[in-house]
Amino acid sequence: MLTGAALRNVFRGPHYSDDIILQMDSIGVGSLLIVVLVGLFTGATMTMQLARALAQWGQQGQVGTAVAITLVRELGPALTALLVAGRNSSGIASELGSMKVTEQIDAMRALGTDPIQKLVTPRLIATCVTLPLLTIIADFVGLFGGYVIAANLVGVPGTVYWRTAWRALVWIDVAQGLLKPFVFAFVVALVGCYYGLRATGGTQGVGRATTQAVVMASVLIFVLTVFITRIFTSNLISSS
Amino acid sequence: MSAGEVKSVVRFEHVSVSFDGTPVLKDLSFEVPEGEARIILGAASSGKTVLLKTAIGLVRPDSGSVYLLGKDITRMSEREMFDVRSKIGMLFQESALFDSLTIEENVAYPLLNHKAIQCPAEDVERRVKEALHFVELDQTLARFPSELSGGMRRRAAIARAVVTGPPLLLYDSPTAGLDPITAHTIMTLVIKERDLTNTTTLIVTHRYQDGLLMANFRYNPDNGQLVPARENGHRPQPQLRTRFIVMREGQLVFEGTEAELEAVQDPYISKFRKQGGG
């Protein structure tokens with residue numbers, strides 16, 4: 001119901017554009033540093049591990065391929081969504097939960113504002129815009145982290161690394177890599193809003209709502225990753 | 001539509017509300033004619049706040065009907081309710097000021113967000129200042145709710161409730177948690193609003209003395225104080241316009257005047273009277 005109401009409000013007024021921009025700043029710009037750092041070190045770590053594994057078959061030169069596919073298809077979207085869930089699902093749940101237990105949500109309704117229109121829809125739009133962008137940044141920074149390790153520690157020339165990484169990616173990988181964060185954005189925003197808006201029981205209730213939001217969003221991200229990956233790999237699995 | 005529906009500002013007909021299967025209001029029926037006040041007394045968890053929230057459509061009844069300003073709001077959509085709510089001011093129990101907005105923004109909120117009010121942008125600042133002047137908080141425009149004391153927050157919330165000039169005001173425990181002097185200041189503002197604008201008023205409280213003030217005192221605009229209502233021929237017998245409702249476990253167990261309440265021997269009801277006398 002919350003999802004339906006939030007989506008319906010996207011197409012009907014009033015639109016709180018100031019709130020959308022504010023949320024984009026909070027969710028997108030606010031998460032940028034942590035996403036860059038995690039992306040960089042994930043790419044670097046993966047490169048070290050994969051290079052070691054590939055060396056057994058003398059295929060160290062293909063490390064760019066392995067890193068690109070793993071990052072763009074799976075780890076980039078999932079890790080970015082988990083970071084944003086940890087940071088923003090909890091933030092949204094605690095903010096809305098505090099408003100709920102102090103009757104600010106009721107006051108909003110009494111004063112002529114639909115709380116879903118004012119609070120949920122801007123957060124959903126902002127997350128749907130920023131999470132795919134953050135994922136692209138994480139993918140790129142992760143690839144860069146892999147390049148630094150490949151070029152300096154593994155001994156794979158930079159040009160080889162970038163050429164293999166680029167060739168490894170086909171349009172379906174990019175589509176998968178962008179569809180996932182878009183779906184995860186719904187999870188991050190709506191799970192936070194849902195638990196926030198149903199918080200009861202004072203500050204303890206707000207704490208409980210915050211924890212539940214992070215746990216539920218994280219679990220859903222992993223579950224949905226499996227389902228989306230299954231859809232994109234169905235041809236491969238059925239033909240084998 | 002009966003004549004009663006036209007005259008009543010609020011009317012409950014056999015209203016029942018339950019949360020997760022637990023009954024909170026049980027077969028509640030009463031009405032509040034225009035210009036009158038109802039003091040709703042009751043122990044904690046007796047359903048007082050839910051009654052107010054049902055009256056403004058924030059809680060939907062499981063059965064029965066609620067009429068507000070002559071309209072049946074029982075099955076109205078949330079969007080339709082916004083128009084009705086624009087004619088109601090409500091003070092919430094903990095003030096419920098938006099903590100991320102300044103006092104000026106809080107008080108301006110209903111003027112800017114109630115579509116039915118359509119307040120011209122150039123009038124907003126003037127009306128906000130008037131409302132804050134009414135509650136004697138002229139110097140707090142740029143401050144945030146967290147920077148104010150509990151009593152000041154309650155006054156700012158009253159300013160937000162009255163800024164639209166609503167014909168019906170609902171107060172949820174306006175004096176709860178306040179020291180006696182601040183509580184008296186708040187009740188003075190409530191009576192001032194009632195007397196200057198002839199607003200219909202519902203007050204939820206657990207303090208009988210708040211009801212006694214409403215029933216027996218009027219606001220004197222000359223000195224800004226409360227004076228006995230029967231002095232100098234002002235508003236004769238206003239207690240006839242103030243009636244008491246006592247709630248117990250979701251049920252209305254008493255409705256009547258101060259004199260009728262004083263005469264009741266029921267231990268639960270007389271408990272509130274003793275509290276007032278003490």
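Angles under 35 degrees count as roughly parallel, over 145 as roughly antiparallel, 65 to 115 as roughly perpendicular, and the rest as oblique. The angles themselves run from 0 to 180 degrees between N-to-C directions, and the axes are lines fitted to C-alpha atoms, for helices over the stretch in contact. The model is predicted: local features need pLDDT of at least 70, side-chain atom pairs count only at pLDDT 80 or more, and totals for chains, interfaces and linings use all residues. Residues are numbered from 1 along each chain as its sequence is written, while chains are lettered from A and ligands numbered from 1 in the order in which they are written.

Chain A comes first, with its helices. Helices (H or I, at least four residues) and strands (E, at least two) are DSSP runs, numbered from the N terminus. The axes of α3(A), residues 63–101, and α5(A), residues 115–154, cross at roughly 140° and come within 8 Å. The two helices, α3(A) and α5(A), are therefore oblique to each other. Their contact holds 18 nonpolar, six polar and two charged residues. In these classes, Ala, Val, Leu, Ile, Met, Phe, Trp, Tyr, Cys and Pro are nonpolar, Asp, Glu, Lys and Arg are charged, and the others, Gly among them, are polar.

Now for chain B and its sheet. Four antiparallel strands line up as β2-β1-β4-β5 in an open sheet of chain B, where two strands pair if DSSP finds at least two bridges between them. Strands β2(B), 22–33, and β5(B), 71–72, sit at the edges, each pairing on one side only. Eight bridges tie β1(B) to antiparallel β2(B), and V17(B) has L25(B) as its bridge partner in β2(B). The hairpin of these two strands, β1(B) and β2(B), has two residues between them, and D20(B) takes a positive phi near 50° there. Strand β1(B) is also joined to β4(B) by five antiparallel bridges, with V10(B) partnered by L68(B) in β4(B). Two bridges link β4(B), residues 63–68, to β5(B), again antiparallel, and Y67(B) finds its partner in D72(B). Helix α2(B), residues 48–55, lies across β1(B), β2(B) and β4(B), running at about 60° to β2(B).

The contact between them takes 24 residues from domain 1 of chain B and 21 residues from domain 2 of chain B, with two residues in contact if their C-beta atoms, placed from the backbone, lie within 7 Å. On the domain 1 side, the elements giving two or more residues are α3 (78–85), β7 (168–172) and α7 (180–197) of chain B. The largest share of that side, six residues, comes from α7(B).

Lastly, the two chains meet: 11 residues of chain A are in contact with 18 residues of chain B. The chain A side has three nonpolar, four polar and four charged residues.
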